[in-house]
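Subject: Structure handover

Hello,

Please find the structure below, together with its sequence. My notes come after it.

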Amino acid sequence: MKNEIIEWIKTIVLSVAIALLITTFVKPTIVRQHSMSPTLQEYDFLIINRLLYKRSGPENGDIVVFQSDLKTSMGRDKLLIKRIIAIPGDTVLVEDGIVYLNGRALDEPYLENVYTEGKAVEGKEIEVPEGKVFTMGDNRGNSRDSRDESIGLVDIDEIVGKAFLRLYPFNKLGFIN
């Protein structure tokens with residue numbers, strides 16, 4: 001009986017250690033809005049790499065989850081998921097429906113509607129400072145992102161991680177670009 005209890009304790013301790021290890025490196029999340037459509041849909045279940053930006057900086061095109069100052073209906077800070085358009089040192093300009101990165105029109109094959117409203121940044125070239133990124137949702141007409149004064153440039157320290165794997169729906173299971 002004593003050996004069986006010891007085996008149970010070992011199994012429980014090992015399970016807790018594995019769970020803690022996994023949650024240190026990855027974080028599951030569910031998409032709650034349509035701002036990243038068509039790339040991501042509401043209720044997609046994603047896995048976020050939490051350690052990637054501890055080793056290297058974010059890159060243009062990464063889809064990231066970050067803390068915002070917006071509040072949920074429960075009063076908690078809202079997590080947002082957006083695509084990085086510009087990283088520190090880049091310039092971004094939205095003019096006449098086109099996004100320019102470092103003076104060149106941005107090729108965005110992931111968009112259904114390539115016309116992009118500039119909102120608060122229309123016609124203003126923005127240089128992204130150190131420690132910040134400029135983000136946008138793929139559903140440009142229905143996305144609160146860096147073009148909106150309530151979001152603005154995102155602190156790299158506020159990035160929870162990079163979305164890299166979709167687990168649900170099962171017919172779209174796979175890595176995210």
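The notes go from the whole chain to single residues.

This is a predicted model, in which local features need pLDDT of at least 70 and side-chain atom pairs count only at pLDDT 80 or more, while totals for chains, interfaces and linings use all residues. Residues are numbered from 1 along each chain as its sequence is written, and side-chain values use heavy atoms, with hydrogens and water left out.

Whole chain

The protein chain has 2 helices and 12 strands. Helices (H or I, at least four residues) and strands (E, at least two) are DSSP runs, numbered from the N terminus. In that direction the order of elements is α-β-β-α-β-β-β-β-β-β-β-β-β-β. The C-alpha trace spans about 75 × 35 × 30 Å along its principal axes. Of the 177 residues, 37% are buried. Buried means under 20% relative accessible area, exposed means over 50%, and partly exposed is in between (1.4 Å probe, protein chains only).

Salt bridges

The whole structure holds 9 salt bridges, a salt bridge being a side-chain nitrogen of Lys or Arg within 4 Å of a carboxyl oxygen of Asp or Glu. One of them joins arginine 166 and aspartate 44, at 2.6 Å from N to O. Arginine 166 is in strand 11 (residues 159-168) and aspartate 44 is in the loop between strand 1 and strand 2, so this pair ties together parts 122 residues apart in sequence. Both arginine 166 and aspartate 44 are buried.

Glutamate 108 and arginine 140 form another salt bridge, at 2.4 Å from N to O. Glutamate 108 sits in the loop between strand 7 (104-105) and strand 8 (126-127), and arginine 140 in the loop between strand 9 and strand 10, so the parts tied together here are 32 residues apart in sequence. Why does glutamate 108 count as buried? Because its relative accessibility is 8%. Arginine 140 also counts as buried, at 3%.

Aspartate 148 has a salt bridge with arginine 144, with the closest N and O atoms 3.9 Å apart. Arginine 144 is partly exposed, because its relative accessible area is 42%.

Isoleucine 151

Isoleucine 151 is in the loop between strand 9 (132-136) and strand 10 (154-155). Is this residue buried or exposed? Isoleucine 151 is buried, with a relative accessible area of 14%. Leaving aside residues up to four places away in sequence, isoleucine 151 touches Phe66, Leu70, Leu80, Arg144, Asp145 and Ser146; contact means heavy atoms within 4.5 Å.

Largest pocket

The largest pocket has a volume of about 380 Å³. A pocket is an open set of points on a 1 Å grid over the protein atoms alone, where a 1.4 Å probe fits, with protein on both sides within 12 Å along at least five of seven lines; lining residues have an atom within 4 Å of a point. The volume is the space filled by probe spheres set on the points, which are joined across faces, edges and corners. This pocket is lined by 16 residues, and those closest to its centre are Thr29, Ile30, Val31, Arg32 and Leu79. Strand 1 (26-30), strand 2 (45-49) and strand 4 (77-86) each give two or more residues to the lining. Strand 4 gives the most, with 5 residues.

Start of the chain

Methionine 1 lies in the segment before helix 1 (2-25). Methionine 1 counts as exposed, because its relative accessibility is 77%.

Regards
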